[in-house]
Structures are given as C-alpha cells and as structure tokens.
Amino acid sequence: MSKRIDAKDVNIYYGDFRAVESVSMTIEPRSVTAFIGPSGCGKTTFLRTLNRMHEVVPGAHVEGKVELEGVDLYGPDVDPVAVRRTIGMVFQRPNPFPTMSIRDNVLAGVKLNNRRISKSDADELVESSLRGANLWSEVKDRLDKPGSGLSGGQQQRLCIARTIAVRPEVVLMDEPCSALDPISTLAIEDLIQELKKDYTIVIVTHNMQQAARVSDRTAFFNIAGTGKPGKLIEMDDTATIFSSPREKDTEDYVSGRFG
Amino acid sequence: MTITDSPPSGEAPPGPRGRVVRRRASGDTERGFSRIFRWIATGAGALILAVLAAVALFLIARGWPAITATPAELADSVPRYPDDTSLVAYVGPLVFGTLLAAVLALLLATPVGMGIALFISHYAPRRLAQGLGYLVDLLAAIPSVIYGLWGFLVLAPVLKPVWFWLGENASWFPLFAGKVSATGKSIATVAVVLAVMVLPIITAVSREVFLQTPKLHEEAALALGATRWEMVRTAVLPFGRSGVISAAMLGLGRALGETMAVLMILSPGFTYSLHLLEAGNHQTIAAYIANDFPEASGLAVNTLIATGLALFVITLAVNMLARWIVARRKEFSGAN
C-alpha cells in the first residue's frame, strides 16, 4: 500500500515562466517527507506535480520524470485520473463537499472509482476510514449531517478520511494545518504519525516546528529572488537539516534568520 | 475563525476628550450620507412592494365585476363566450394552455441551457467561451415580435415535417396523438419558440453560478481521481443546483408572460387537450388578452383583467414554489 517516488530533473512551467528548476529527489515509502521553504519557492507547485494536479492550471506543464516505483507518471499512456486515484491529496483549506453528508463525503472517491458498493461494504469503509482519520467517535452519531457543519479541524480530518477511503499509495498534504487551531493541528500531526505506517506521506508546511515534529526527511526549497525559479537546496534526514545542514541558506532558514 | 465581539453595550466607551459617546437607540453609529443612503435603499425596497400591491389591487378591483357576474351576463357581453359557463370554467383552459406552453418550453430549454452553460464554464477554451457567452446574451436582446415572425415564417415550416413524422410514428404516445396541424401552428411549435426565447436567461444565470463553484471543491473532486464529467457531477452541479432552479424559474416567468410570439404563431382554441401537435386547441392568457383587448368594452374588459389576475397568481405561485425548493436543502447548500 505504499510506494516510492523518484523525481528526476523536474522543471515546472506556468506558460513560459519556469516556476521550479531541476528538482531531483527520492521519497521513501512508509515515511513522512516534509517540504519547507519561504513563500513562492515552488514547494506546493512541486507537490502538485507529484499527482498531476499541477496541470489543472491552464498553461502549466512539466519537463522531466516523476516515477512511482519505476513507472513514469508523465509517460504518454498514463491517465492523470488514474495517477490521482493512486496518489491522494489533502488541501490547505478543508474542502469537504458542502452538498454531501459526512458519510457521502467519505464515499465520494470510492463511488467515482468503482461505482457500485454494497451497503454493508460502504458502512464498513466509512467506519474504517473515519477511524483511520481519528474522527469516528466524534461523528458516528451524525453521519447523515452535512460535512460543512463540522469544525475546521474535523473537516480536515474528514478530508483525510475521504482521501484514504480510496486506498491510495501516497498521500500528499499541502499545508494541511495552516487554517487550523493548535489543538486541531496536534490531532492532524498525531494522525500523520499513524498514517505513515501504511502510506507514503509528503507534507508541505510553513511551520518549521511542524516539519521537525512530524517528518523523517526534510527538503528545503528556496528562490534566488522574485521572478526566479524555485530550487531544491538540500534534502536530508530531518534531524540533520535542523541541526547540521550542509548549506548556509538552509541553516539561515531553519534558524529563523530569514523567511 | 472567530469574530471579535463588539464591546459590551451597557457601558459606552469614552469618546474623544473624555466625552461619553451615546449610542443610538438602534445601536448603529451612522450619520450624514450613510443615513441618507439608508433611506434611499429602504425607499427602493418599499417601492417594489408598493408597485406589486398596486398591480394586485388594480387586477382585483377591475376584475371583480367579471368575477361576480353571472354566466348569462358574461355570455351577453363577452364575444365568443359559451352559454352556461362560469368564469372559472372559461379561464381554466387558458390557464392550462399557458402552463402547458411554459412548462414544455422549460423542459426543452433547461437541459440545453445547462449544457451550454457547462460548456462555456468548464469545457470550452477560454477565448471561445467568451465569444459564445456574448452570443447567448445577444439572443436575449432580440425583441419577441422578431421571434414571433421567425417562428411563424421559418421555424413552423421547418418543424412541420418533424411533427408529421412524430404524428405518424409516435402517435401511441398521448402527447403526439391527434391530427397533426397542416400549418404547424400548434402548441408544440410555440413551445420550441418559447424555449429559444428563455434559453439566454437560463444559460446566463446557470453559467454565472457554475463559474462560482469554489476551485477548492473542484480540486477536491479531481484529486480523488474524478474525470472532468465526474468533477462536474460531484462539485459543480450540486453547488449550482439552487442557482439552476432560480434560472429555470426566471425562464418560466418569461415563458408564462410571453405574448407576441404566441399570438403570432398559435392558432387559438379553448380546450384541455394534451395533443400538442394539433392546432386550434390551446391559447395562453397573455396572448388572449393582447388579442381581445383592442375590441373589448364593458364587462369584456373586466373578464380580460380577471384572466390577467389568474396569470399574476400563477406567476406568484411559481416563484414561491421555486423559493421553497431552493430553501428546502439549505443546510447542504454550501452557504455555511
């Protein structure tokens, strides 16, 4: 249920503008990899190329290879829809479907993927996904209520439940806690620790303490200036990045001297 | 996210120079232009109610003589009024014809309008979408007399073979039974013309609603592995549902009240027939009033106004129904 991602010399463009330059990295299965860096450095853009969500933006395209266990996601016969079913994504702001109940939100992806599911299988999946997202005990009595009635933190966990309900190999998280309060953030961070037993997790965060708390590996992105492409400066074990990074820029950033 | 509470109202905070600022009774602090603007806005709101009340009063007051008249009196003064018929029985077929034409038009126009709106908002390349949206808006600018002429001279002859084909091959279906009109001046043709006329409003409103679908929800669907159509179905259509209903009701309002096009195309009749392809069966209230008003006098005018009252009530009821449908699932609407 968990796969390795290899990015090889990835360049990302919005029209003619190169947003990210020449990123190569390996993301290990059953681990949490954090992307940190100042705003506009391309970490979210790069994250979105990992499940081909990037190309939803008109004019955006990618050069280079992103391989999932050796299969190039940008190969000519690869369907982006299939990629997104394998590599799930959680967004910056909680986005449960407002017109659906909590239960339907969890099942939304499954109903897309294989259409028919028996009532008992659905019940089981709803429970296991909500348990997996540490939300079951809070919502089990109101599964038919709209998901938009939950608190922000609960909504975000509902989105995580919805993502893991389709049993992806990889879960991408784009600043999943930036719209949440500290208590909800803690709940999500605990959840990430549990999820990494089963999934490859990649998380973008602005919060360096969060990267230090939850991740095994950390990648630091930076830009030389406005209008310049973002680059991967350094990637290493999280402990190394935060104690003795190789690059001066990384040290300046993690010690709070800029960014 | 929390919203900062306003300061406790019991103790007003001290103003400049230590003076205590008194709060107004209403609790606001507006003055000057802000206050004038409030009056203007309130006045505009009240004006709408006043106009509506004035129209309703006019319809009731001037329709009243016809409503209270006996069938014999009506038969004496209203041309072509059948003997021993109450006003309700007389207006009934008109109400039926009006609703039939409008509902048929809506059934034709809503799916097409939604399709065009979705194409413009989610499928067409940006430049094509702009041009197409502009063209659809242009359809709304064509006067209804022109639609009437076009429907009569162009569309009716074009549709005639279609109606004949349906009459021959699908006459088992109740709506297509009966003798197909040789001129094409049937309620079916009227419905098609009305559908074209209400298409722009339905398309324009639906398009605006679809364009407002939060990017967040579209991306949520895509990230779950939705194809474009599945994304539209899970994120765009549920979000736009109430908007599309409003659009359809706006269209229905226009179709119910449309006069010229119906008057020019339809060959009128006063029955409850469901045979859409036959001529001389149906008439709508608006076309009936426009047709008979120039030669009416006395009680005949009151009768026309009474039918107008019926149209007013129908339109009001349709709009309230639409409101009710929109409000029914409010907690799932995405507004919270």
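Trainee: How much area do chain B and chain A bury between them?

Mentor: The size of an interface is often given as the accessible area lost when the parts come together. Here chain B and chain A bury about 2300 Å² (accessible area to a 1.4 Å probe that is lost, summed over both), and 64% of it lies on carbon and sulfur atoms. This is a predicted model, where local features need pLDDT of at least 70, side-chain atom pairs count only at pLDDT 80 or more, and totals for chains, interfaces and linings use all residues. Residues are numbered from 1 along each chain as its sequence is written, and side-chain values use heavy atoms, with hydrogens and water left out.

Trainee: How many residues does the contact take from chain B and chain A?

Mentor: With contact meaning heavy atoms within 4.5 Å, chain A supplies 31 residues and chain B 23.

Trainee: How many salt bridges are found across the interface?

Mentor: A salt bridge is a side-chain nitrogen of Lys or Arg within 4 Å of a carboxyl oxygen of Asp or Glu. The rule finds 2 across this interface. One salt bridge pairs A:Arg85 with B:Glu230, with 3.6 Å between the closest N and O atoms.

Trainee: Which residues line the largest cavity?

Mentor: Rolling a probe the size of a water molecule over the atoms shows where empty space is left. A cavity is a set of points on a 1 Å grid where a 1.4 Å probe fits but cannot get out, and lining residues have an atom within 4 Å of a point. The lining of the largest cavity includes A:Phe97, A:Pro98, B:His217 and B:Phe239.

Notes
Chains lettered and ligands numbered in written order. 1 Å grid on protein atoms, 1.4 Å probe; cavity = no way out; pocket = protein on both sides within 12 Å on 5 of 7 lines; lining within 4 Å. Buried area = accessible area lost by both parts, 1.4 Å probe.
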